[in-house]
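I open this notebook to record what I looked up in one structure. The entries follow the order of my reading.

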Amino acid sequence: MAIAGATAQLDRPRRAVGTVVFVVFLDLVGFGIVVPILPYYVRSFGVGDVFIGLLAATYSLTQFLAAPALGRASDRWGRRPVITLSLAGSAVAWTVFGLGDPVGDAAGPLAGVAVLFCSRALAGAMGGNIAAAQAYVADVTPRERRAAALGLVGASFSLGFIFGPAIGGALASDTAVRLAAPLPIPATPFSLPAFGAAAMSLVALAVALFALEEPERRRTSGERSSLVSDFVTALRDPDLRGLVLSFFLVSVAFAGIQVMFIPFVADAAAYRFDAAAAALLLTYVGVLGAVNQGLLVGRLADRFGSGRLAVVGAGLLAVALAALPFAPALGGFLPSVSGPAWLTPELVTLLGILAVLSVGNGLLNPSLAALVSSSADASKQGTAFGVTQGAGSLGRTVGPPVAAGLYALAYWSPFVAGAVVVLPVVGLLLERMKGRA
């Protein structure tokens, strides 16, 4: 693909970037609200943990099928329409998700689980707003500042995981359920967080409708292409091939760990976390991610370049994934920690490993996005991000059920397997850097 340096013109591009970052933040707050309760929600229907992986895979599969098409649509029709459509669909999906509990009570557990699967399928199909948001930022940001700007999009993810889990924990509490009981909505520890997520998507939709400008830019000719042809084109492009494969492999590893991490801290004898404690742990990870992606990525990219940051990030991510399941055993080598009783050596070790994981992920993801942007023509930013997001969605389709199956065999195996899957990414990125030297 040719590399173009054109940047869309807006009267206030910084405000435009800030608005789209805020929209993504609000949407991810909604997602973060539900993340801590999702494994417990699935377990409440009396089904095995493999359904946790299958539920995550359903979301990712429909996102894989829809993301490239939404990316092309954003190139052809505009970023704003795709973002608003996705947010409206997310609001509907989260509302349906909250109805799984009452449907399960009325029609049986299998019916409740079926509602959850339908909801996640719709949410995945509407998940193309991230690709459109990344393309929007690339439209209005000069090439030399894209890594920093895309890092802000990544930071909005992390900020969503600061506020979202905390809100979700509060909505799942007995106090919230009692207060909501008189309202004309199903009020359970699982339905209230889902309805809260739907409300956040509606707020994000309102912001996008009233405050988000559509940038003036060069549109595509309107030629139609298929999902397969987009992927074939990207894999034939030497600049994009390694990046598409990297997105896929990182997503296989990281999605599996995301799905099985909460069951791990709930089941491990050293932790035994409930939903509230898991929410606090995710908030900690979100704070680290916001600092890493919001403050460090832009400064380090200016000094070292996105390629080097991606290599370092992939290496750190592999190390952290391999060490994560052994945090309780590694904590046994630490001396007792002075402080509150809950601050055990095992927890200190887990927090340290999560910090390394956050740094690795914080360096890797926005750097990969910046490399994609610099490798794609200005008129094809949405398509390029749609393809890479599609590759990531395919990875997130494969990763969770495989990780859930491995977890049932040995609790440590999905984490170690994730580290092994990430290692080839280091090689792919090094090969790309060597080819450009």
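The entries below go from the whole chain to single residues.

**Entry 1. Conventions.** I am working with a predicted model, in which local features need pLDDT of at least 70 and side-chain atom pairs count only at pLDDT 80 or more, while totals for chains, interfaces and linings use all residues. Residues are numbered from 1 along each chain as its sequence is written, and side-chain values use heavy atoms, with hydrogens and water left out.

**Entry 2. Whole chain.** I looked up the secondary structure and found 18 helices and 0 strands; these are DSSP runs numbered from the N terminus, helices being H or I of at least four residues and strands E of at least two. Of the 437 residues, 56% are buried (under 20% relative accessible area; exposed is over 50% and partly exposed lies in between, with a 1.4 Å probe and protein chains only). The accessible surface is about 17,600 Å², and carbon and sulfur atoms hold 69% of this area (Shrake-Rupley method, 1.4 Å probe; for residues, only the protein chains shown count as cover). I then took the contacts (heavy atoms within 4.5 Å) between residues at least 6 apart in sequence: 84% of them join residues at least 24 apart.

**Entry 3. Nonpolar core.** I noted that the largest nonpolar core has 112 residues, and that Phe97, Phe261, Leu350 and Leu429 touch the most other members. Such a core is a set of buried Ala, Val, Leu, Ile, Met, Phe, Trp, Tyr and Cys residues joined through side-chain atoms within 4.5 Å. Helix α12 gives the most to this core, with 16 residues. Domain 1 (12-214) and domain 2 (226-436) each supply at least three residues to this core; the bounds come from an automatic or database domain assignment. Beyond its neighbours within four places in sequence, Leu429 contacts Leu243, Ser246, Ala310, Val311, Leu364, Leu368 and Leu371.

**Entry 4. Helix α16.** I checked the length of α16 (residues 345-375): its 31 residues should span 45 Å at 1.5 Å a residue, and the end C-alpha atoms are 45 Å apart, which agrees. The expected span is 1.5 Å times one less than the number of residues. Because 22 of its 31 residues are buried, α16 is largely enclosed by the rest of the structure.

**Entry 5. Salt bridges.** How many salt bridges are there? I count 2, by the rule of a side-chain nitrogen of Lys or Arg within 4 Å of a carboxyl oxygen of Asp or Glu. Arg43 pairs with Asp49 at 2.8 Å, N to O, and with Asp267, where the closest N and O atoms are 3.3 Å apart. The latter pair links distant parts of the chain, with Asp267 in helix α12 (residues 238-267) and Arg43 in helix α2 (residues 38-43), 224 residues apart. Arg43 is partly exposed at 29% relative accessibility, and Asp267 is partly exposed with a relative accessible area of 29%.

**Entry 6. Two loop residues.** Most residues other than glycine have a negative phi. Arg272, not a glycine, has a positive phi of about 55°. This residue lies in the loop between α12 and α13 (275-304) and is exposed, with a relative accessible area of 55%. Gly48 lies in the loop between α2 and α3 (50-77) and is partly exposed at 37% relative accessibility. I note that the C-alpha atoms of Gly48 and Ala404 are separated by 9.6 Å, although the residues are 356 apart along the chain.
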